[in-house]
Amino acid sequence: MTDATTDASSIPSWFERLHRWRTTHISERMFVLILAFFVGFFAAVAAFVLHWIINQIGRLLTSQFDATSSNWLYLVYPVVGIYLTSLFVRYVVKDNISHGITRILYAISQSRSRLKAHNTWSSVVASAITIGFGGSVGAEAPIVLTGSAIGSNLGKLFRMDSRTLMLLMGCGAAGAIAGIFKAPIAGLVFTLEVLMIDLTMASLMPILVSCVTATCFTYIFSGDTALFTFHLDNQWTVERIPPCILLGVFCGLVSLYFIRAMGWCEDLFARFRDKPHVRLVMGGTVLSLLIYLFPSLYGEGYGAINLLLNGKGDADWEPLLDNSFFSGDIGMLVPYVALVLITKVFATSATNGGGGCGGTFAPSLFIGCFSGFLFSHLWNIHQMGVYVPEKNFALMGMAGVMSGVMHAPLTGIFLIAELTGGYSLFLPLMIVSTASYLTIILFEPHSIYSSRLAKEGKLITHHTDHAVLTLMQLDSVIDRDYMAVAPDTELGQIVHKISRSHHSVIPVTDAAGSLLGEIDIKKIRKIVFRIELYHHFTAQQLMQEPPATLSDSLAMTEVMRTFDRTHADWLPVLDADGHLRGYIARERMLVQYRKMVADMSDD
């Protein structure tokens, strides 16, 4: 497999010998399993290192805080973290590393599953600084990007083709999720639902190997302590089905708010893309003020989640108000939880918009936990009939909002069940996740990660035809070997061009290369053999408008629709300035399409 090329001069001779030995003695499928093992191992290492750095920075900065009052340093730390991260990205990385999971989806669909080498470490450093200093984002998306980059670059190193690189990227993402949460099944279903990697016999084993490897090494590195602790004290009963359904609907609406508010904030910060200092001031000011008012927004917020998952009454929930103006006033618990729920999305957007680095994975868990707690607490206060334990519904809310935000109900169900050992709540988790997903798809057909790519037609799906068209590159089917003529070219010269052309059309262009029209050879058949007319007709007289023109930035799905609509055999491709780049032949496009469908169906 030679799809991933490497500069031969930069490869050590010993590696070349190793590569030749490998291709001779180890089958391709077995070698992919070996690579999946190492991808899982390195993903676990990256996850452990990132969380260790975040915890060390957090302890160093906040260990001396007085829990009974607000702390003015909450106004300083987040701004410092964002500023340091922006400097690191601008002067060290010199590349955009935000939107980690969206970047993976883009690489799969548009970059032949290739991620840059710096993605194997840059997101770890940047997100550690951001979150350690209080950035209200998650470490999961950066680790998923890191794991996928490890898989992509290992595959490139051993010259794997694009299809195998896609699988290794999926192994990296699955291993990252499995390692972070010690949840191998969740890692597997994450690649199916979010990254749209098809589950075939060829892909199942490598992904499982990566998930199990990452999970096992995470246990070795950090022991058997779970990221979240949960003990089921109150068994679920059938009488709680109605509140579970209502919780799912509520989580779906919260997910809608999360996606829409996040999109609005991103668009706002995008207006100042070329003014990093303005973005820093805007993002830093919003973030620091929100954290100062609501310290639960500091960092990933996993401490607040664990508090709600284990609390049984006011005495257990009161620490949630620590370090805030509400400290010690348990009567303000509901307003505080509601305000934190509403403002979390703005804190997350301000962190990334201001120049920080982090994902929306942890924020969706955080908002879900607060949503479940708020729903159940209000339900019990107003005595809506059956009692619903807050800790159980906080857990189910995590699954509900994750399912809605990511459009991934299976990931939400299995992640929360594995994460907390809450398999006794498996049925209510399914009810809440399903209700949330069915609610959100009424308003948003795509997840927070895929919406932008879907609008551009660059999103891989499980629909084979659509997936193939998305993976097809427009540039790969453009035929640039065309014979163009000027508008004043006489018929005799045109006939000479026809004899050397393999196209059924001759484009007419001006001096700048802009397309003016085209000559259909079949339509001038009656005069091409009449020599006496060779000086009577020019290209301008013989040309006509093409049935349609294609932009060089057009998605292949639109290209296929244009061919179906016009029934043309050839269509010209123009750049943004109207210059002719070449032609696409329907036959050539269909041949490549059929080959890719066959390749995807081999498994």
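Visitor: Which residues does Phe 361 touch, not counting residues up to four places away in sequence?

Guide: In this predicted model, Phe 361 touches Glu 140, Ile 177, Phe 181, Phe 190, Met 402, Met 406, Leu 415 and Tyr 449. Contact requires heavy atoms within 4.5 Å.

Visitor: What makes a set of residues a nonpolar core, and which residues of the largest one touch the most other members?

Guide: Members must be buried residues of nonpolar kinds, such as Phe and Leu, joined through side-chain atoms within 4.5 Å. The largest core has 109 residues, and Phe 181, Phe 361 and Leu 365 touch the most other members. Helix α15 (residues 361-381) supplies the largest share of this core, 11 residues. A second, separate core of 20 residues includes Ile 150, Met 160, Ala 174 and Ile 207. In soluble globular proteins, nonpolar side chains tend to be buried together.

Visitor: Why is Ser 514 called buried?

Guide: The cut-off for buried is under 20% relative accessible area. Ser 514 has 17% relative accessibility, and therefore counts as buried. Its place is the loop between β2 (505-509) and β3 (515-520). Leaving aside neighbours within four places in sequence, Ser 514 is in contact with Val 508, Thr 509, Asp 577, Gly 578 and His 579.

Visitor: Why does Lys 182 count as buried, and why does His 567 count as exposed?

Guide: Buried means under 20%, and exposed means over 50%. Lys 182, at 10% relative accessibility, is therefore buried. His 567, at 64%, is therefore exposed. Lys 182 is in the loop between α7 (162-181) and α8 (184-193), while His 567 is in the loop between α23 (556-566) and β5 (570-574).

Visitor: What is phi near in Lys 182, and what is it near in His 567?

Guide: Phi of Lys 182 is near 55 degrees, a positive value in a residue other than glycine. For His 567, likewise not a glycine, phi is positive and near 60 degrees. Most residues other than glycine have a negative phi.

Visitor: How do you know that the span of helix α18 is close to the expected one?

Guide: The expected span is 1.5 Å times one less than the number of residues. Helix α18 (residues 426-440) has 15 residues, for which 21 Å is expected, and it reaches 21 Å from its first C-alpha to its last. Its buried residues include Pro 428, Leu 429, Ile 431 and Val 432. Among the elements covering the buried residues of α18 are α10 (241-270), α16 (390-406) and α17 (409-420).

Terms used. Residues are numbered from 1 along each chain as its sequence is written. This is a predicted model: local features need pLDDT of at least 70, side-chain atom pairs count only at pLDDT 80 or more; totals for chains, interfaces and linings use all residues. Side-chain values use heavy atoms; hydrogens and water are left out. Buried means under 20% relative accessible area, exposed over 50%, partly exposed in between (1.4 Å probe, protein chains only). Helices (H or I, at least four residues) and strands (E, at least two) are DSSP runs, numbered from the N terminus.
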